[in-house]
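Reader: I would like to go through this model term by term, asking in each case what value stands behind the word. Please set each value against its definition before concluding.

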Amino acid sequence: MNDPVSDFISLWKIPVGQWGKSAILFVTDNFEWLFDGLKNVLNAIVEWSTWILLQAPPVVLAVLVAGLVFYAKRSKALATGVLIGLLFIINQGLWKETVQTLVLVVYATTLSMALGVPLGIWAAHKPRVWQTVQPILDLMQTMPTFVYLIPILILFGLGAAPALIVTIIFAMPAPVRMTYLGLTSIPKPMLEAGESFGATKRQLLWKVELPAAMPTIMAGLTQCIMLSLSMVVIATLIGAPSLGNPVNRALNNRNIPLGIEAGLAIVILAIILDRVLASTKGGKK
């Protein structure tokens with residue numbers, strides 16, 4: 001059944017898609033050198049880091065990681081669980097993909113926190129900044145993940161670099177929001193006490209605000225890592241070397257065993273990262 005009003009509205013369609021295409025083509029035509037240079041640098045960093053880690057025998061590296069976890073957290077149960085999980089991944093023949101995934105997640109999380117935490121601090125102290133940033137963060141978090149892939153693919157092509165960039169865009173809102181929440185939730189008497197002792201704004205930030213907000217910021221770090229892991233797997237569609245590759249092969253070939261193996265490897269990696277960070281937030285477990 002035809003609706004005259006809807007037909008009239010759709011007749012005057014706003015060409016948002018064409019505007020977006022024109023903007024992307026303008027950027028690529030005028031700044032191709034910038035995107036190519038950034039892509040080459042990021043690809044080199046990711047590939048070099050992955051190559052370094054893959055030079056060590058998988059079992060040796062797994063034992064080393066478990067040892068570092070035990071040294072940092074003093075938890076035999078956690079270190080044993082990490083070792084068993086990594087040995088299982090080696091047993092399934094997915095060690096290379098796991099290392100590639102881990103490298104992308106670590107770099108994406110590091111850059112997301114490096115950008116997100118200062119932005120959250122700025123927004124917490126400047127209400128106008130938060131009013132400007134908040135709708136942008138809403139857009140970044142509500143936009144479907146696959147939509148991110150299209151412009152990034154056009155600007156950077158295939159490979160690890162575009163996967164890293166799209167992961168940063170997807171994961172960065174978490175540390176921004178959690179940093180803002182942590183700083184704005186600090187009781188006013190605590191801030192007033194610091195000011196009464198003559199603390200400058202910088203001293204107040206480093207010695208009062210950030211220590212008080214650290215648990216919330218660490219929660220943002222956990223969210224950032226989980227979001228990065230999920231996006232890195234999806235970014236396989238634009239050439240990301242990760243555990244998403246065997247998942248895609250399993251989907252394309254209806255290979256149920258491979259899908260289960262890759263899915264378990266992703267779950268194990270997520271659990272390891274989450275448990276290590278959970279012990280960081282809550283102390284020894």
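Reader: How many salt bridges does the rule give, and what makes a pair of side chains count as one?

Author: The count comes to one salt bridge, where the term requires a side-chain nitrogen of Lys or Arg within 4 Å of a carboxyl oxygen of Asp or Glu. The side chains of R177 and D138 meet this rule with an N to O distance of 2.2 Å. This pair links distant parts of the chain, since R177 lies in helix α9 (residues 173–184) and D138 in helix α6 (residues 127–142), 39 residues apart. The model is a predicted one, in which local features need pLDDT of at least 70 and side-chain atom pairs count only at pLDDT 80 or more, while totals for chains, interfaces and linings use all residues. Residues are numbered from 1 along each chain as its sequence is written, and side-chain values use heavy atoms, with hydrogens and water left out.

Reader: Why is D138 called partly exposed?

Author: Buried means under 20% relative accessible area and exposed means over 50%, with partly exposed in between (1.4 Å probe, protein chains only). D138 has a relative accessibility of 34% and therefore counts as partly exposed. A124, which is found in helix α5, has 23% and so counts as partly exposed too. Over the whole protein, buried residues make up 40% of the 285 residues.

Reader: Which residues does A124 contact, leaving aside its neighbours within four places in sequence?

Author: With those neighbours set aside, A124 is in contact with Y180, L183 and T184, contact meaning heavy atoms within 4.5 Å. A124 and Y180 are 56 residues apart in sequence, yet their C-alpha atoms are 5.1 Å apart in space. For the protein as a whole, 77% of the contacts between residues at least 6 apart in sequence join residues at least 24 apart.

Reader: How many helices and strands are there in the protein?

Author: There are 13 helices and zero strands, where helices (H or I, at least four residues) and strands (E, at least two) are DSSP runs, numbered from the N terminus. The C-alpha trace spans about 70 × 60 × 45 Å along its principal axes.

Reader: Why are α5 and α8 called oblique to each other?

Author: Axes are lines fitted to C-alpha atoms, for helices over the stretch in contact, and angles run from 0 to 180 degrees between N-to-C directions. Angles under 35 degrees count as roughly parallel, over 145 as roughly antiparallel, 65 to 115 as roughly perpendicular and the rest as oblique. The axes of α5 (residues 95–125) and α8 (residues 160–171) come within 9 Å and cross at roughly 45 degrees, and the two helices are therefore oblique. Residues L104, Y107, A108, L111, S112 and L115 of α5 meet A160, L164, T167, I168 and A171 of α8. This contact divides into nine nonpolar, two polar and no charged residues, with Ala, Val, Leu, Ile, Met, Phe, Trp, Tyr, Cys and Pro counted as nonpolar, Asp, Glu, Lys and Arg as charged, and the others, Gly among them, as polar.

Reader: How is α2 oriented to α8, and why?

Author: The axes of α2 (residues 16–55) and α8 come within 8 Å and cross at roughly 95 degrees, and α2 and α8 are therefore roughly perpendicular to each other. L38, K39, L42, N43 and V46 in α2 meet A160, A161, L164 and I165 in α8. The residues of that contact divide into seven nonpolar, one polar and one charged.

Reader: What makes α3 roughly antiparallel to α4?

Author: The two helices pack at an angle of about 160 degrees, with their axes 8 Å apart, and that angle makes α3 roughly antiparallel to α4. The residues of their contact divide into 15 nonpolar, no polar and two charged.

Reader: What is the phi of R74, and where is R74 placed?

Author: Phi of R74 is near 55 degrees, a positive value in a residue other than glycine, and R74 sits in the loop between α3 (58–73) and α4 (76–91). In general, most residues other than glycine have a negative phi. R74 has 46% relative accessibility and so counts as partly exposed. R254, in the loop between α12 (244–253) and α13 (256–282), also has a positive phi of about 55 degrees although it is not a glycine. At 74% relative accessibility, R254 therefore counts as exposed.
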